[in-house]
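This briefing is meant to be read alongside the sequence and the three-dimensional structure. Please keep both in view while working through the points.

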Amino acid sequence: MENNMIYMRDIVKSYKIGKNKLTVLKEVSLEIKAGEFVAILGPSGSGKSTLMNIIGCIDVADSGEYILKGENIKARNEDELAHVRNREIGFVFQKFNLLPKYKAIHNVAFPLLLRGLGKEQAYKKATRLLERVGLSDRMNHKPLELSGGEQQRVSIARALSGGPSILLADEPTGSLDSKSGSEIIEMFLALNHEGNTIVLITHDLNVAKQAKRIIHVRDGKVLEQ
Ligand code: ADP
Ligand code: MG
């Protein structure tokens, strides 16, 4: 348990819908080590995004244990949760979630400025990150002036900006054609090779297969490996 980046034991999560309760995660247990590239694979509605929200400290479980980098997450209040989230997690979403009015460079620099970095440093770092994802010639383009794959690479640069412990990607290829999708997975493989811990959430077996390990989720449960 010591060198686990993520340790989950018997995580349960339900949603209230009117008078009814829908239990989405039913005693999920999993472990992910630092430096791994893991895919969480399951059909639509199986609870993947719910699990991602808990891993990413966007939401907390009803019961069970979640230890992230040695910190027990259950014990945290909303502010502390946000603090852990900002420090440890870089998010990549299916729909990119970029600020449409801002150029790529601003989209990446913005969270750095929010973190209190000086303007010059923030833009220097944002430039480096965009170069890292192969977009040195696209820094001054706005999201709609970029292809889907390029937008996703901007969002990966943004996700890396805070130096996260985990890159957490929910269906990152879901809005992309297969060629751009493959390029995003290649990018993750390269980033993993450099030591980044990556958790890729997908319903697509062909995408999941490209990770180093697959955790199968079905009906709110992790299947035997
Ligand atoms: P997946 O990402 O695998 O498609 P989700 O975690 O998004 O699955 O959803 C699992 C189930 O929980 C679905 O049946 C979905 O309708 C339900 N669900 C997800 N989020 C909420 C919510 N905020 N309130 C109520 N039900 C939800
Ligand atoms: Mg989902």
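The structure is a predicted model. Among the helices, α3 and α4 cross at roughly 130 degrees, whereas α5 and α6 cross at roughly 20 degrees. A positive phi is found at E27, which is not a glycine, and also at D219, which is likewise not a glycine.

- The shell around ligand 1 is made up of Y15, I17, L22, V24, G42, S44, G45, S46, G47, K48, S49 and T50.
- By residue class, the shell around ligand 1 holds four nonpolar, seven polar and one charged residue.

**Helices α3 and α4**

- The axes of α3 (residues 104–114) and α4 (residues 119–132) come within 8 Å of each other and cross at roughly 130 degrees; the two helices are therefore oblique to each other, and the crossing in which α3 passes α4 is right-handed.
- On the α3 side the contact is made by A104, I105, V108, A109, L112 and L113, and on the α4 side by K119, A122, Y123, K125, A126, T127, L129 and L130.
- The residues of this contact between α3 and α4 divide into eleven nonpolar, one polar and two charged.

**Helices α5 and α6**

- The axes of α5 (residues 148–160) and α6 come within 9 Å and cross at roughly 20 degrees, an angle that makes α5 roughly parallel to α6.
- The crossing in which α5 passes α6 is right-handed.
- In this pair, G148, G149, Q152, R153 and I156 of α5 meet S180, E183, I184 and M187 of α6, and the residues of the contact divide into three nonpolar, four polar and two charged.

**F188 in helix α6**

- F188 has its place in helix α6, which covers residues 178–193.
- With 22 other C-beta atoms within 10 Å, F188 is buried, and, leaving aside neighbours within four places in sequence, F188 is in contact with F37, I198 and L200.
- The C-alpha atoms of F188 and T23 are separated by 32 Å, the two residues being 165 residues apart along the chain.

- E27 is partly exposed, with 15 other C-beta atoms within 10 Å, and touches D10 and V12 when residues up to four places away in sequence are not counted.
- Between the C-alpha atoms of E27 and P143, which lie 116 residues apart along the chain, the separation is 40 Å.

**D219 between β9 and β10**

- D219 lies in the loop between β9 (213–218) and β10 (221–222), and has a positive phi of about 55 degrees although this residue is not a glycine.
- D219 counts as partly exposed, with 13 C-beta neighbours inside 10 Å.

Terms used
Residues are numbered from 1 along each chain as its sequence is written. Chains are lettered from A and ligands numbered from 1 in the order in which they are written. This is a predicted model: local features need pLDDT of at least 70, side-chain atom pairs count only at pLDDT 80 or more; totals for chains, interfaces and linings use all residues. A residue is near a molecule or strand if its C-beta atom, placed from the backbone, lies within 6 Å of it. Ala, Val, Leu, Ile, Met, Phe, Trp, Tyr, Cys and Pro count as nonpolar, Asp, Glu, Lys and Arg as charged, and the others, Gly among them, as polar. A residue is buried if 20 or more other C-beta atoms lie within 10 Å of its own, exposed if 12 or fewer, and partly exposed in between; C-beta atoms are placed from the backbone. Two residues are in contact if their C-beta atoms, placed from the backbone, lie within 7 Å. Axes are lines fitted to C-alpha atoms, for helices over the stretch in contact, and angles run from 0 to 180 degrees between N-to-C directions. Helices (H or I, at least four residues) and strands (E, at least two) are DSSP runs, numbered from the N terminus. Angles under 35 degrees count as roughly parallel, over 145 as roughly antiparallel, 65 to 115 as roughly perpendicular and the rest as oblique. A crossing is left-handed if the near helix is turned anticlockwise from the far one by less than a right angle, and right-handed if clockwise.
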